[in-house]
Amino acid sequence: MEVEYEDSGWQGRAKAQSNSEEVHEDNPQKTIQECLEKFLTPDYIMEPGIFTQLKRYFQSGGSPEEVISMLSENYKAVAQMANLLAEWLILAGVKVTDVQAMVENHLKEMILKSFDPKKADTIFTEEGETPDWLTEMIDHYTWRSLIYRLAEEYPDCLMLNFTIKLISDAGFQSEITSISTAAQQIEVFSRVLKTSIVKFLNNPDDVHGAIQECARMVCHGQHTYVYSQVLIQVLSQEQKGGFNMKRLSQEIIKYALQNNQNVTPITMALNGSAVYPQACQALTSMLTRNTLNPADITVLFRNYSGSDPPPIDLIRNPQFLELLVDALFRSGVKINPEHKPKYMFLLAYASAVIDQPAKKRPLTERTLNKDELKSTIQAIEKAHAICNVGQGTSELIAELQTLYNCIKYPVVGVGVIRWIENVVMEPSFFKLSTDSCPTHLAVLDEVAAVHPTLQQQILFLLIRLFESKQDELEILVQLEMKKMILDRMVNLLTRGCVVPVLRYVKQCCAIEDTDVSLIRYFVTEVLETITHPYSPEFVQLFLPMVENEEITGTMRGEGDNDPVSEFIVHCKAHYTTV
């Protein structure tokens, strides 16, 4: 693809065109006739190629009087009339920026309706090089956005693809949000991918959004997926930030699977599993069918419990771990008691064993740290027994201390979240619950306190509960339930998950589909919990809700001694607000 955009390529086409013109020059009458046909078109005097055609016309013996007459008679002054109308609008009091936007938007609509990719490609054959006006166009966002839209509709247009490359070369690759546009050229795609990865690394408060954006681009096609995953895998070998890249790779795999894209063969080809054919075949079989089976689990168990196990990364596959967690913690899943220890062993092995490079030994040798393997297996076993036997509130309270001890292990925390999600998302759960805060949701508070990395998962579950339809409950009971869920969100906020929680509640305010009393309740709880100093981002997200009269109007006193007024005064005095 790249050679198509080299200057020589365009110049070659220009030479071919010029050669054909030279043939026409041998027939002056034909050349004159061609030029006259162009001069007859409205406002041709405004066309960029007017001087070239005039030169051809006069060299072939054309009459100056005739061309002057034709150009003047067909001059409609469309552009000048547009300028005149724009000046009148400005004189009438319309802002210059508004008039400019009106003209530009109308031009964009006209171009979108009448754009011809074949004619666009002839721009380069006539010019022989990049036109100056095109270089000036890409300096303005309005016209860059037009190019993006056109490139999406006409992916095979060479002029548009070349312009996209120019835009990328000019440093505007972060604007190229259309994946199909970026994927046309490896240089452009590489820059856009780099920008997306940098955004993922530099935005810890919005990791999920950055991952989704990056994964959507990578999973555009097989070529983009293989190229990106190979690049990310190389970066994951770096000591600094390698683990972040490994996570990004795994999140991309999860995204692909959620969109029914079978990337298992590519994943297995990139992770070096071919050296271990038995384990590779067993794992590939389960991942392809997206289900576990005892025979393949037994093969993996035998391989990993042996003296020379395969690399841990082989079973640290997101899809495989999801299947194991589902099998052990999702209600209603039946596992043969004979094989259950093998499932637990593999899950514990993938989460607890550490590969340690051997010191002063050949690089092919390695040592395995299995110090936490046995205790992790025991924790999984105890938690599994609690989650699959005692689902009632009274039974759960009796086992609460044991469960809390098991939750200290991250893999158990993940499993418990999965189990609680399965229980509380049942339509009848809140109808049958009589507690102000169900014990299951109280357990989530403990998981959030022990494992900050799982707070985002907990927030997603709470959001699903908050937005779920509970039509069987009375209105007042629904409000109380949602207040209880907001309490859980406030607890997440106090544990460090501040920005994601505030962003969600702010979104609820913007959409205006949430009862104002619930927003007021949330603001009250947060004001009673927090104290200065505050981060600028916290103030930017929370202050508009506090200042909203509809939300906090009834919470304010006559002076400035109430929490609402104190917060506003403090923020106005110490922070620059927009």
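Here are some notes on the aromatic rings in this structure.

1. Bear in mind that this is a predicted model, where local features need pLDDT of at least 70, side-chain atom pairs count only at pLDDT 80 or more, and totals for chains, interfaces and linings use all residues. Residues are numbered from 1 along each chain as its sequence is written, and side-chain values use heavy atoms, leaving out hydrogens and water.

2. Start with the ring pairs: Phe, Tyr and Trp rings (for Trp, the six-membered ring) pair if their centres lie within 6.5 Å, and planes under 30 degrees apart count as stacked, over 60 as edge-to-face and the rest as tilted. That rule gives 12 aromatic pairs. One of them is Tyr57 with Phe58, an edge-to-face pair at 5.6 Å centre to centre with 65° between the planes.

3. How buried or exposed are those two? Tyr57 is buried, at 0% relative accessibility, whereas Phe58 is partly exposed at 39%. (Buried is under 20% relative accessible area, exposed over 50%, partly exposed in between, with a 1.4 Å probe and protein chains only.)

4. Now look at Phe301 and Phe345, also an edge-to-face pair, at 5.1 Å centre to centre and 80° between the planes. Phe301 sits in helix α18 (residues 294-304) and Phe345 in helix α20 (residues 340-352), so their pairing ties together parts 44 residues apart in sequence. Helices here are DSSP runs (H or I, at least four residues), numbered from the N terminus. Phe301 is partly exposed at 25% relative accessible area, while Phe345 is buried at 11%.

5. Back to Tyr57 and Phe58: together with Phe39 and Tyr44, they form one aromatic cluster.

Terms used
Helices (H or I, at least four residues) and strands (E, at least two) are DSSP runs, numbered from the N terminus.
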